[in-house]
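Biologist: Could you take me through this model and tell me what stands behind the terms you use?
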Amino acid sequence: MSIDSDKPKSERAVLREQMDASLHEYERESRSLLLSSVAAGLEIGFSFFLMMALFSSFYGELGKPALHLVLSLSYPVGFILVIIGRTDLFTEHTTLAILPVVDGRQRLRDLGRIWGLIYLGNMIGAFIFALMLVSYALVSQNITQEGFDYYGQKLIDDSNVALFLGAILAGWLMGLLGWLVSSSTDTIGRITVIAIVTFVIGLGSLPHCIAGAVAIFSAWIGGEGVVDWLELLRFQVIATLGNTFGGAVFVGLLKYGYITNNLP
């Protein structure tokens, strides 16, 4: 093993790796990309599954701040499954997929195909997982349906402006997460980075359009009417726009700009 193997990669090396990974996505068949995205939407649901299992065990036993902390600690699970498992998550690709476009190697309409397929697949996976979770809650003593309304209410409580700004921060963090994962040289380091960054998203209650979709679908399907279809649509549209803006602008465009301008 090289003595330099544990050193972090240079920013130029990370940009090259991100660019190569993104170009590979553009070359994939639509069916492959869609199926991988459905898998990611399903897998990220395990974050919400664990949150609801913990809610069912600790609600009424812990105060509100302690309960929020416990639920936030479980938030990274689905992200670890998705990112280490290398399925396609929309909020990673808000940063990744834009790089070949700003570099002139791909067109905007091709970016639309990538974003559209991944988002559609993630939504299908999130909806299927929500259906399964609600069905499980109906027959199991381990998940209480009260948790769906509790968390659904948290998602829709903020104003449109607050939702959008929070979603920008979440998209920014997800873009940085993809960058940091590429910089890491081992699996344990990557898992640690994923856990830290997504814990911050969970603790800050920042809107994530895919993980949040599992929760809001569950509240809509299995709750007591706290979340109606208009609130669901409001959350999804604002969270998606904010996540896309945060990842594409504050990570994709910004990092591409300063790294390429620093090249000799």
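Here is our conversation about the chain and one of its residues.

Modeller: Happy to! This is a predicted model, so local features need pLDDT of at least 70 and side-chain atom pairs count only at pLDDT 80 or more, while totals for chains, interfaces and linings use all residues. Residues are numbered from 1 along each chain as its sequence is written, and side-chain values use heavy atoms, leaving out hydrogens and water.

Biologist: How many helices and strands are there in the chain?
Modeller: The chain has 13 helices and 0 strands. Helices are DSSP runs of H or I with at least four residues, and strands are runs of E with at least two, numbered from the N terminus.

Biologist: What makes the chain as compact as a globular protein of that length?
Modeller: Its radius of gyration is 19 Å, close to the 18 Å from the globule rule for 264 residues, so the chain is as compact as a globular protein of that length. The radius is taken over C-alpha atoms, and the rule is 2.2 Å times the number of residues to the power 0.38. Along its principal axes, the C-alpha trace spans about 60 × 45 × 35 Å.

Biologist: Nice. Where is S22, and why is S22 called buried?
Modeller: S22 sits in helix α1, residues 11–27. Buried means under 20% relative accessible area (exposed is over 50%, partly exposed in between; 1.4 Å probe, protein chains only). S22 has 1%, so it is buried. Of the 264 residues of the chain, 50% count as buried.

Biologist: Which residues does S22 touch?
Modeller: Leaving out residues up to four places away in sequence, S22 touches L96, A97 and P100. Contact means heavy atoms within 4.5 Å.
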